[in-house]
Amino acid sequence: SNKFQKTLFPQKGDIIICPTGTGNGKIKGHVGIIGSDNMIMSNDSRTGLLLENYSLNSWNIKYKNYGGFPVEFYRRTGKDFFRLLFQTILLLGRALP
């Protein structure tokens, strides 16, 4: 989609993704949103809340090193960024078992 641009240098508000099916099979993939100070907000399955529950380093340890996933970052382009960010947060909240 031309609404997203892959980036190597994540900024606050960017999407971080480790797609299920691309790792080594030990764990499922995950998606989050880059917050302040390289903290990552993602769905917490225990509480059902969107929490700042990873640092960029702890995400890489779990998903890249242990899970074997590629870690990709995407930035929303255009003026609809905040609408998409809100929709992503809602979708993450609904992604509970």
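User: What makes Gly35, Ser36, Met39, Ile40 and Met41 count as contacts of Glu52?

Analyst: Contact here means heavy atoms within 4.5 Å. Leaving aside neighbours within four places in sequence, Glu52 meets that cut-off with Gly35, Ser36, Met39, Ile40 and Met41. Do keep in mind that this is a predicted model. Glu52 itself sits in strand 5, which covers residues 49–55.

User: Why is Glu52 called partly exposed?

Analyst: Buried means under 20% relative accessible area and exposed means over 50%, with partly exposed in between. Glu52 has 45% relative accessibility, so it counts as partly exposed.

User: How far is Glu52 from Ile34 in sequence and in space?

Analyst: They are 18 residues apart in sequence, and their C-alpha atoms are 9.0 Å apart in space.

User: Why is Asp44 called buried?

Analyst: The cut-off for buried is under 20%. Asp44 has a relative accessible area of 8%, so it is buried. You can find Asp44 in strand 4, residues 39–44.

User: What makes the pair of Asp44 and Arg46 a polar contact?

Analyst: A polar contact needs N or O atoms within 3.5 Å. A polar atom of the Asp44 side chain lies 2.8 Å from the backbone nitrogen of Arg46, so the distance falls within that limit.

User: How do you know that the buried residues of helix 1 are on the same side?

Analyst: Good one to check on the model! Leu56, Trp59 and Tyr63 are buried in helix 1. Around the axis they cover an arc of only 65°, which puts them on the same side of helix 1. On the other side, Asn57 and Asn65 are exposed.

User: What do the buried residues of helix 1 pack against?

Analyst: They pack against strand 2 (15–18), strand 3 (30–34), strand 4, strand 5 and strand 6 (72–76). Just after helix 1, Gly68 has a positive phi of about 70°.

User: Why is the pair of Tyr54 and Tyr63 called edge-to-face?

Analyst: The structure holds four aromatic pairs. For Tyr54 and Tyr63, the ring centres are 5.8 Å apart and the planes meet at 65°.

User: What makes the pair of Trp59 and Tyr63 tilted?

Analyst: Their planes are at 40°, with 4.7 Å centre to centre. Stacked is under 30 degrees and edge-to-face is over 60, so the rest, this pair included, is tilted. Because Trp59 and Tyr63 are four residues apart in helix 1, about one helical turn separates them. Ring pairs also link Tyr54, Trp59, Tyr63 and Phe69 into a cluster.

User: Where is the predictor's confidence highest and lowest in the chain?

Analyst: Helix 1 (residues 56–66) has the highest confidence, at a mean of 97, and helix 2 (residues 81–94) the lowest, at 64. For the chain, the mean pLDDT is 86, and 79% of the residues reach 70 or more. Where pLDDT is low, the predicted coordinates should not be read in detail.

Technical notes:
Residues numbered from 1 in each chain as written. Predicted model: local features only at pLDDT ≥ 70, side-chain atom pairs only at ≥ 80, totals over all residues. Heavy atoms only, no water. Helix = DSSP H or I, 4+ residues; strand = E, 2+ residues; numbered from the N terminus. Buried < 20%, exposed > 50% of the residue type's maximum accessible area, 1.4 Å probe, protein only. Polar contact = N/O pair within 3.5 Å; in protein donor to acceptor, adjacent residues only side chain to side chain. pLDDT = per-residue confidence, 0-100. Arc of directions from axis to C-beta. Phe/Tyr/Trp six-rings, centres within 6.5 Å; stacked < 30°, edge-to-face > 60°.
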